[in-house]
Amino acid sequence: MTENILNDDGTQTVSLEKYISMHINDRGDCIEVNKVKCALYDLFYNILQTNFISRELKEFNIVVKRLTNNELKLYIVDGFGEQEFIPLSKYIPFIGRNKIFRQFNRFKNNLLKKYVGDCMKNILITGANSG
């Protein structure tokens with residue numbers, strides 16, 4: 001079963017990759033830094049609460065939905081499933097949390113490398129840390 005995720009106004013959602021590209025101006029500053037930041041960390045905490053382990057977090061596997069209150073909500077649309085033969089991280093919450101922190105930190109670092117600029121630094125440097 002496939003579900004099409006639409007913005008609250010009925011328009012098509014875009015990937016996080018495209019959304020970031022659309023909202024970075026010539027100076028590399030993000031227009032909606034706080035909205036993107038809140039949506040990213042909301043996604044992170046939802047993943048953490050549900051112990052959702054994905055194969056990989058990539059900006060093209062996440063779509064951005066614009067809500068009626070002009071906030072953003074992120075959805076993972078690909079990368080489901082475990083990589084391990086015996087998925088201990090799925091059944092032992094401590095191992096799962098550690099894996100989620102590692103995945104999210106790797107995801108942040110990849111975004112910083114790809115979208116160098118003050119916008120991504122402001123979004124990703126502060127926030128969730130494993131320590």
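**Exercise 1. Is Asn7 buried or exposed, judged by relative accessibility?**

Solution. The structure is a predicted model, in which local features need pLDDT of at least 70, side-chain atom pairs count only at pLDDT 80 or more, and totals for chains, interfaces and linings use all residues. Residues are numbered from 1 along each chain as its sequence is written, and side-chain values use heavy atoms, with hydrogens and water left out.

Step 1. The criterion is relative accessible area: buried means under 20%, exposed over 50%, and partly exposed in between, with a 1.4 Å probe and protein chains only.
Step 2. Asn7 has 12% relative accessibility and therefore counts as buried.
Step 3. Asn7 is located in the segment before strand 1 (14-15). Its contacts (heavy atoms within 4.5 Å), leaving aside neighbours within four places in sequence, are Gln12, Thr13, Val64, Lys65 and Arg66.

**Exercise 2. Determine the order of elements in the protein chain.**

Solution. Step 1. Helices (H or I, at least four residues) and strands (E, at least two) are taken as DSSP runs and numbered from the N terminus.
Step 1. The protein chain has five helices and three strands, arranged from the N terminus as β-α-α-β-β-α-α-α.
Step 2. Of the 131 residues, 40% are buried. Among contacts between residues at least 6 apart in sequence, 70% join residues at least 24 apart.

**Exercise 3. Describe the packing of helix 2 against helix 4.**

Solution. Step 1. Axes are lines fitted to C-alpha atoms, for helices over the stretch in contact, and angles run from 0 to 180 degrees between N-to-C directions. The axes of helix 2 (residues 33-50) and helix 4 (residues 93-114) come within 10 Å and cross at roughly 160°.
Step 1. Helix 2 is therefore roughly antiparallel to helix 4, the term for angles over 145 degrees.
Step 2. On the helix 2 side, Leu40, Tyr41, Phe44, Ile47 and Leu48 take part; they meet Arg97, Ile100, Phe101, Phe104, Phe107 and Lys108 of helix 4.
Step 3. Classified by residue type, this contact of helix 2 with helix 4 holds nine nonpolar, no polar and two charged residues. Here Ala, Val, Leu, Ile, Met, Phe, Trp, Tyr, Cys and Pro count as nonpolar, Asp, Glu, Lys and Arg as charged, and the others, Gly among them, as polar.

**Exercise 4. Which residues do Ala39 and Glu59 touch beyond four places in sequence?**

Solution. Step 1. Ala39 lies in helix 2 and, at 4% relative accessibility, counts as buried. Ala39 touches Leu72 and Leu74.
Step 1. A C-alpha separation of 8.3 Å relates Leu40 to Lys73, 33 residues apart along the chain.
Step 2. Glu59, in the loop between helix 2 and strand 2 (62-66), is buried at 7% relative accessibility. Glu59 touches Ser15, Leu16, Glu17, Phe107, Leu111, Lys114 and Tyr115.

**Exercise 5. Where do Asn51 and Asn70 lie, and what is the phi of each?**

Solution. Step 1. Asn51 belongs to the loop between helix 2 and strand 2. Its phi is positive, about 55°, although Asn51 is not a glycine. Asn51 is buried, with a relative accessible area of 17%.
Step 1. Asn70 is placed in the loop between strand 2 and strand 3 (72-76). Its phi is also positive, near 70°, in a residue other than glycine. At 37% relative accessibility, Asn70 counts as partly exposed.

Conventions: Parallel < 35°, antiparallel > 145°, perpendicular 65-115°, else oblique.
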